[in-house]
Amino acid sequence: MVNKVEQKIIELITPIVDRRNELLWDLTYTKEGGQKVLRILLDMPNHQFITMADLTAFTQEVNEFLDTSDPDPIPEAYLLDISSPGADRPLKHPWHFKWAQDSNENILVSLFVAKNGQKKWQGKIKSLNDTGLVLLTDHGELILNFDEIAKAVLDIQF
């Protein structure tokens, strides 16, 4: 669930992301170790990899934009952390699961409550709908609702 500050920042930076032809993977604004942190995960569309140069340029542009926005969307002190979602990227939103399905990568899913005797499952997404997915595992098909999933990540095999 997106809080008000996160929604406002998403609205403010979406034109920058779109103009740069990049992909906003995730954005969170949380308190970590007594400090507020605005974490932005940025990638490229079409399953391309983002470069450090892309991340650096985006960081400079967003940092300057947020520092000069009036009114200030985050009036308190915070740490700005912009990075790639990484190979083992978190899958939080339904479109993340669609992205994983399109890339034909394995995912690793942790459930809140065990299903068929297991809380962790690995496999490929066979199909998706508005409420969940069908995961093709070594043990067959597993039907999961999104609200059953505690955590999901890409499970890249090297």
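Predicted model: local features only at pLDDT ≥ 70, side-chain atom pairs only at ≥ 80, totals over all residues.
Q: Where is the place of Pro71?
A: Pro71 sits in the loop between helix 2 (52-68) and strand 3 (79-83), and a cis peptide bond joins Asp70 to Pro71, with omega about 5°. Residues are numbered from 1 along each chain as its sequence is written, and side-chain values use heavy atoms, leaving out hydrogens and water.

Q: What makes the buried residues of helix 3 line one face?
A: The residues in question are His96, Phe97, Trp99 and Ala100. Looking down the helix 3 axis, they fall within an arc of 155° (taken from the directions from the axis to the C-beta atoms), so they line one face. Their cover includes strand 1 (23-32), strand 4 (107-115), strand 5 (118-128), strand 6 (132-137) and strand 8 (149-154).

Q: Why is the pair of Trp25 and Trp95 called edge-to-face?
A: The rule gives three aromatic pairs (ring centres within 6.5 Å; planes under 30 degrees apart are stacked, over 60 edge-to-face, the rest tilted; Trp counts by its six-membered ring). The centres of Trp25 and Trp95 are 5.0 Å apart and the planes stand at 70°, so the pair is edge-to-face. Trp25 is in strand 1 and Trp95 in helix 3, so this pair ties together parts 70 residues apart in sequence.

Q: How do you know that Trp95 counts as partly exposed?
A: Trp95 has 36% relative accessibility, so it falls in the partly exposed range. Trp25, at 1%, is buried.

Q: What makes Trp25 and Trp99 an edge-to-face pair?
A: Their centres are 5.1 Å apart, with 80° between the planes. Trp99 lies in helix 3 and Trp25 in strand 1, so this pair ties together parts 74 residues apart in sequence. Ring pairs link Trp25, Trp95 and Trp99 into a cluster.

Q: How do you know that the charged end of Arg89 sits over the ring of Trp25?
A: The charged end of Arg89 is 4.7 Å from the ring centre. For an Arg, the rule wants CZ within 6 Å of the centre and within 35 degrees of the ring normal (NZ stands in for Lys), and Arg89 is counted as sitting over Trp25.

Q: Which residues touch the most other members in the largest nonpolar core?
A: In that core of 20 residues, they are Phe97, Ile107, Val109, Leu133, Leu135 and Ile149. Strand 1, helix 3, strands 4, 5 and 6, strand 7 (140-145) and strand 8 each supply at least two of its residues. Another core, of 19 residues, lies apart from it, with Leu38, Ile40, Ile50 and Leu80 among its members. A nonpolar core joins buried Ala, Val, Leu, Ile, Met, Phe, Trp, Tyr and Cys through side-chain atoms within 4.5 Å.

Q: Why is Asn116 called exposed?
A: Its relative accessible area is 64%, so Asn116 counts as exposed. Asn116 is in the loop between strand 4 and strand 5, and its phi is positive, near 55°.

Technical notes: Buried < 20%, exposed > 50% of the residue type's maximum accessible area, 1.4 Å probe, protein only. Helix = DSSP H or I, 4+ residues; strand = E, 2+ residues; numbered from the N terminus. Contact = heavy atoms within 4.5 Å.
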